[in-house]
Amino acid sequence: DNGNFTTCSFDVTLEDSIAPSITCPADISISADANVCEALVSIPAPVANDNCGIVSTINDYNGTSDASDVYPVGTTTVTWTTTDVAGNETQCSMTITIIDNEAPSITCPADLTQSADSSVCEAMVVVDALVASDNCAVASITNDYNGSSDASDIYPVGTTTVTWTVVDIYGNETQCSMTITIIDNEAPSITC
């Protein structure tokens, strides 16, 4: 009450411990682009909010704020991380599924015609290899005559249709057919 006084001070520190919120885009499922085992995918940005402010929102696929990119056939999980000005982080994940529904491309060997081997009603035939390609990869090549990838074999006199089946690694298949004709032009043998 005589006018003397003393002061003191103290600091008030406010800490932002509230993590940001983030909502990932919906999962995406599309077909592979033609003739390749991948697809260019356009991906919307996630929705992120924070009480103080967002510093960054990046994905772990290409390390940027835009996950639009080329994705391989199969399912890729993309994880988004949003960080606020106080360093708090929140993550969410989405999947990008690229489906290979493109059948293999194949070209059958040319039809064959040849004479029967001497003294038998059949012929050993050498069949050229089937030409096959696929946007991803070929899993198997088989023919329905001997069940293998090589149709070279012994064929009876007459016409035999050989059907080839090519299956890619995702189960897509293509077929083509060829004919193998064996002609008996050997006269009979007789003894008078």
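**Exercise 1. Describe the link between C108 and C176, including its geometry, its handedness and its place in the chain.**

Solution. In this predicted model, the sulfur atoms of C108 and C176 lie 1.9 Å apart, and the two residues form a disulfide. The torsion about their S-S bond is about 95°, so this disulfide is right-handed. The pair connects distant parts of the chain, since C108 sits in the loop between β9 (105–107) and β10 (112–115), whereas C176 belongs to strand β16 (residues 173–183), with 68 residues separating them. As for accessibility, both C108 and C176 are buried.

**Exercise 2. Work out how many disulfides the structure holds, and state which pattern they follow along the chain.**

Solution. The structure holds three disulfides, and the link of C108 and C176 is one of them.

Another joins C24 to C92, with the sulfur atoms 2.0 Å apart. Here the torsion about the S-S bond is about 95°, so the disulfide is right-handed. C24 lies in the loop between β1 (21–23) and β2, while C92 lies in strand β8 (residues 89–99), and the two are 68 residues apart. Both C24 and C92 are buried.

A further disulfide joins C37 to C136, with an S to S distance of 2.0 Å, and with 100° about the S-S bond this link is right-handed. It spans 99 residues, from C37 in the loop between β2 and β3 (38–41) to C136 in the loop between β12 (131–133) and β13 (138–143).

When the bonded cysteines are counted along the chain, the disulfides follow the pattern 1-3, 2-5, 4-6.

**Exercise 3. Decide for each of C37, C136, C8 and C121 whether the residue is buried, partly exposed or exposed.**

Solution. The cut-offs needed are under 20% relative accessible area for buried and over 50% for exposed, with partly exposed in between. C37 has a relative accessibility of 24% and therefore counts as partly exposed, whereas its disulfide partner C136, at 19%, counts as buried. C8, at 75% relative accessibility, counts as exposed, and C121 is exposed as well, with a relative accessible area of 53%.

**Exercise 4. Give the strand order of the open four-stranded sheet, and explain why one side of β2 and of β5 is left without a neighbour in the sheet.**

Solution. The four strands of the open sheet are arranged in the order β2-β8-β7-β5, and their pairing is mixed. β2 (28–31) and β5 (54–59) stand at the edges and have a single partner strand each, so one side of each lacks a neighbour in the sheet. From one strand to the next, the twist averages 20°. At one end of the order, β5 pairs with strand β7 (residues 74–84) in the antiparallel sense over five bridges, and T57 has T82 as its bridge partner in β7.

Methods: Residues numbered from 1 in each chain as written. Predicted model: local features only at pLDDT ≥ 70, side-chain atom pairs only at ≥ 80, totals over all residues. Heavy atoms only, no water. Pairing = 2+ DSSP bridges. Axes fitted to C-alpha atoms, helices over the stretch in contact; angles between N-to-C directions. Disulfide = S-S within 2.5 Å. Buried < 20%, exposed > 50% of the residue type's maximum accessible area, 1.4 Å probe, protein only.
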